[in-house]
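Q: I am new to this structure and would like to learn how to read its features. Could you take me through some of them?

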Amino acid sequence: MQRRQSSKHSKRPLQVHHSNQTDLSAWRKGGTVDTEKSAQNRQSLSDQKNDNEQDSLEQALSYFEKIQDRVSLKKSEVLQKHLSTMESIALKRGLPPEGFDVLLDVALSGKLADTVNTRLLKSLIPASAIPESSIVSSVSWFCVSKCSSNIQLLFLRWLITMFDFIDHKEQVHALYGIFFSFLNDEKLCPYICHVLYLLTRKENVKPFRVRRLLDLQSKMTYFKNADGPWKAAINAVRQRNQANSTVPQPLLLGTAQPHSRKRKWNTQLIVPASSANAQNLVVGGKMSRADSCSANESFPVEQLRTFPQLLQNIHRLEFPSQMGSVLTNPLLLHYMNCSKDESVYLRLYYWMGQTLQEECTWCVVDNNQYEEEFRGFLETVYKAECFLQEGFPSCEEFLYRSLPLWDGVSCRSQILQLVSWIPLSTFSEMKSQLCDPLAQLFFTSSLYFKCSVLESLKELLQNWLNWHVVQLDSESDSQFSSLNTTLSGLVNGVAELINFVGRISTAALHLEKSHTFLLYFILDFYETVCDIYLKYKLPLLIMPPAGVFYPALLSMDSVNLNQLCYIMYRYRTNLIAAKENEMSKKKIQQFKFSSQTYQEYNQYIIAMVGCLWTSSAFQKDNHPEGIRLDDELLKKTGVREYKNSFNIVYHPALMCYAVDFLQQAWPDDTTFNFNLIKGKKWNWYLRYLYGQGLEGLKLFIESSINRVSKASQSKAEDEDEKV
């Protein structure tokens with residue numbers, strides 16, 4: 001090992017004093033020189049300390065390399081000294097690659113007591129990479145069983161934890177059969193299975209091995225956590241090395257040089273460096289003909305660059321041990337989209353489930369400092385789900401498990417994004433594991449959080465409906481019976497979700513005093529609901545509850561009123577289409593809308609027309625939760641034109657338009673006489689409103705009002721002309 005040159009003899013800058021300097025300038029100059037001296041002294045002391053540590057490390061490695069006979073820890077002060085040196089340096093800045101050969105050989109050769117071997121294995125923290133040759137050598141010692149079974153087990157745990165830090169893995173993969181032979185050892189079996197999981201390639205899959213592993217499947221479901229004594233040490237070493245040096249530390253192995261990361265799982269988002277032979281490498285972006293035509297050889301994913309390459313080698317792809325790298329590689333995500341190989345999905349789901357469980361910042365103590373990186377990881381998972389257009393089961397399990405503990409603040413946008421990709425399931429499962437925790441946070445959190453939850457649930461509904469459309473297009477006539485079963489479950493699940501949103505929306509509007517911003521997100525959700533039948537081909541229509549409809553109808557904001565008008569227009573279009581399909585017996589209707597849906601729609605239409613057009617809402621609204629009031633009670637309010645209070649002229653959301661219209665039509669009139677807007681002027685005012693971007697209001701009036709009042713309008717216009 002090369003020793004670093006000490007800087008203690010470096011030349012110091014000379015102080016030059018000019019006779020014409022003032023005392024103040026001389027003081028400043030002297031202060032600057034003193035600062036430079038102090039910095040140089042600190043650097044000199046630091047370099048000297050590093051040199052001393054380097055000397056101690058070399059001496060310790062030399063000592064362990066020369067050990068031949070068994071040495072007692074209690075009786076040997078030299079052993080105690082070098083063992084302590086090794087531990088302190090390893091935990092402080094990690095061990096260099098050349099140290100692993102020596103220490104692994106000593107720990108697994110049985111020359112020392114288990115107490116010493118355990119401490120040695122726990123101190124094997126890499127400062128950069130771990131040489132493949134040291135792993136091969138240690139496995140040979142592992143096989144001859146010179147060490148105890150406890151040391152063998154600890155070595156396997158270390159190997160699993162450090163697998164991603166091994167510089168090359170070709171020779172390690174060649175040891176697959178050796179590890180497989182240890183499956184009979186009941187104590188080692190769980191960790192041997194984990195090692196095999198990391199090593200398995202297509203060529204390793206043989207019928208006799210599959211049968212053996214299937215026998216074990218009933219005994220083992222999950223791998224045991226193997227990284228206990230080393231995980232925290234790796235993070236500490238990496239942070240300390242990065243803090244002490246501006247040069248990126250070589251702890252991350254990959255074809256790219258990523259930004260420094262604190263968590264080991266983030267390294268798995270990079271496709272690992274290739275350890276294949278030189279003749280398999282891609283030169284100039286092209287593969288040789290011999291390589292591309294070799295059907296017997298697997299194709300390493302780190303060489304995958306283009307979509308044509310993916311198509312050419314799709315049956316020969318060999319996925320990396322770092323399954324997390326799939327999430328950031330569009331070509332591998334394309335492969336997952338069309339692959340029927342369940343092992344690929346199982347490997348990814350297992351890795352993702354373990355990572356989410358271990359790194360969750362509000363489920364694991366002392367993980368708060370890593371929230372920023374965990375947020376980035378969740379964002380990566382969400383982008384992969386968007387690419388695949390489906391959620392990961394491991395994410396669903398994570399959400400169900402962690403939401404009851406979530407504070408609604410940590411990684412808020414990422415968690416709600418993942419909620420939008422939860423697969424369709426029975427609502428009874430979702431209610432206890434998803435809806436109940438969300439509802440508790442929803443009612444006790446800010447207005448912004450409520451809006452974020454509503455947006456997430458809208459996207460969840462849209463994803464379910466889009467999935468249904470895709471499934472509907474792919475189903476053949478021969479599968480019609482299975483489609484009906486799926487359709488029934490989808491209808492029930494979607495209906496329960498819509499009703500859940502209706503309940504929390506009603507309560508939220510009450511809590512937030514019908515806030516305009518909140519109402520916008522609620523109505524945005526119902527813009528999807530009102531078009532389910534025609535747009536998504538699902539035989540379902542659910543009207544918004546009265547606690548949503550009436551606050552929107554009486555809203556002070558024209559945007560909300562315009563949204564409601566558009567929603568009711570689309571409800572009408574969908575209900576008419578459904579009625580026509582029921583009447584035309586061309587197709588057997590498996591699902592029919594209940595008469596209650598039509599009745600509720602009619603009640604809402606009467607209320608809207610009464611408010612906006614006929615000025616009779618208080619008299620004719622027949623909804624149980626409507627705004628019908630006795631005339632005597634209305635007179636006591638002292639409002640002169642109470643009947644007209646919510647028509648298109650006097651409505652609080654539209655009054656500003658009426659004022660602007662009066663100013664344009666009668667610029668000299670400063671009395672703002674709204675009674676002038678009648679007859680022909682009423683129609684002019686309508687056209688004015690349509691020109692202000694109120695498209696929803698236009699569609700509603702033209703579809704639900706004009707057709708029944710056209711004759712009365714013509715009569716009113718004639719009377720106005722006579723006057």
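This is a predicted model: local features need pLDDT of at least 70, side-chain atom pairs count only at pLDDT 80 or more; totals for chains, interfaces and linings use all residues.

Q: Let me start with a helix pair: how close do the axes of H22 and helix H25 come, and at what angle do they cross?

A: Two packed helices are described by the angle between their axes and the distance between the axes. Here the axes of H22 and H25 (residues 558-583) come within 10 Å and cross at roughly 15 degrees. H22 is therefore roughly parallel to H25, and their crossing is left-handed.

Q: How are H22 and H24 arranged?

A: The axes of H22 (residues 516-529) and H24 (residues 546-553) come within 11 Å, crossing at roughly 120 degrees. The two helices are therefore oblique to each other, and the crossing of H22 and H24 is left-handed. H22 contributes Leu 519, Ile 522, Leu 523 and Tyr 526 to the contact, while H24 brings Val 548, Pro 551 and Ala 552. The residues of this contact are 7 nonpolar, with no polar and no charged ones.

Q: Which residues touch the most other members of the largest nonpolar core?

A: To read a core, look for buried nonpolar residues joined through their side chains. The largest one here has 211 residues, and those touching the most other members are Phe 64, Trp 158, Met 568 and Tyr 685. Helix H21 (residues 480-511) supplies the largest share of this core, with 12 residues. Take Tyr 685 as an example: leaving aside residues up to four places away in sequence, Tyr 685 touches Ile 648, Val 649, Leu 654, Tyr 657, Ala 658, Phe 661 and Ile 677.

Q: Is helix H17 mostly covered or mostly open, and which of its residues are buried?

A: Counting buried residues is the way to read this. H17 (residues 393-402) is mostly covered, as 7 of its 10 residues are buried. The buried ones are Ser 394, Cys 395, Glu 396, Phe 398, Leu 399, Tyr 400 and Ser 402.

Q: Where is Arg 209, and is Arg 209 buried or exposed?

A: Arg 209 sits in helix H10 (residues 207-217). Its relative accessible area is 15%, so Arg 209 is buried, the cut-off being under 20%. Not counting residues up to four places away in sequence, Arg 209 touches Tyr 176, Gly 177, Phe 180 and Asn 204.

Q: What phi does Ser 145 have, and what phi does Ser 615 have?

A: Ser 145 has a positive phi of about 55 degrees, although it is not a glycine. Ser 615 also has a positive phi of about 55 degrees and is not a glycine either.

Q: Where do Ser 145 and Ser 615 lie, and is each buried or exposed?

A: Ser 145 is in the loop between helix H5 (132-144) and helix H6 (149-162). Its relative accessibility is 42%, so Ser 145 counts as partly exposed. Ser 615 belongs to the loop between helix H26 (595-612) and helix H27 (617-620). With 12% relative accessibility, Ser 615 counts as buried.

Technical notes. Residues are numbered from 1 along each chain as its sequence is written. Side-chain values use heavy atoms; hydrogens and water are left out. Axes are lines fitted to C-alpha atoms, for helices over the stretch in contact, and angles run from 0 to 180 degrees between N-to-C directions. Helices (H or I, at least four residues) and strands (E, at least two) are DSSP runs, numbered from the N terminus. Angles under 35 degrees count as roughly parallel, over 145 as roughly antiparallel, 65 to 115 as roughly perpendicular and the rest as oblique. A crossing is left-handed if the near helix is turned anticlockwise from the far one by less than a right angle, and right-handed if clockwise. Contact means heavy atoms within 4.5 Å. Ala, Val, Leu, Ile, Met, Phe, Trp, Tyr, Cys and Pro count as nonpolar, Asp, Glu, Lys and Arg as charged, and the others, Gly among them, as polar. A nonpolar core is a set of buried Ala, Val, Leu, Ile, Met, Phe, Trp, Tyr and Cys residues joined through side-chain atoms within 4.5 Å. Buried means under 20% relative accessible area, exposed over 50%, partly exposed in between (1.4 Å probe, protein chains only).
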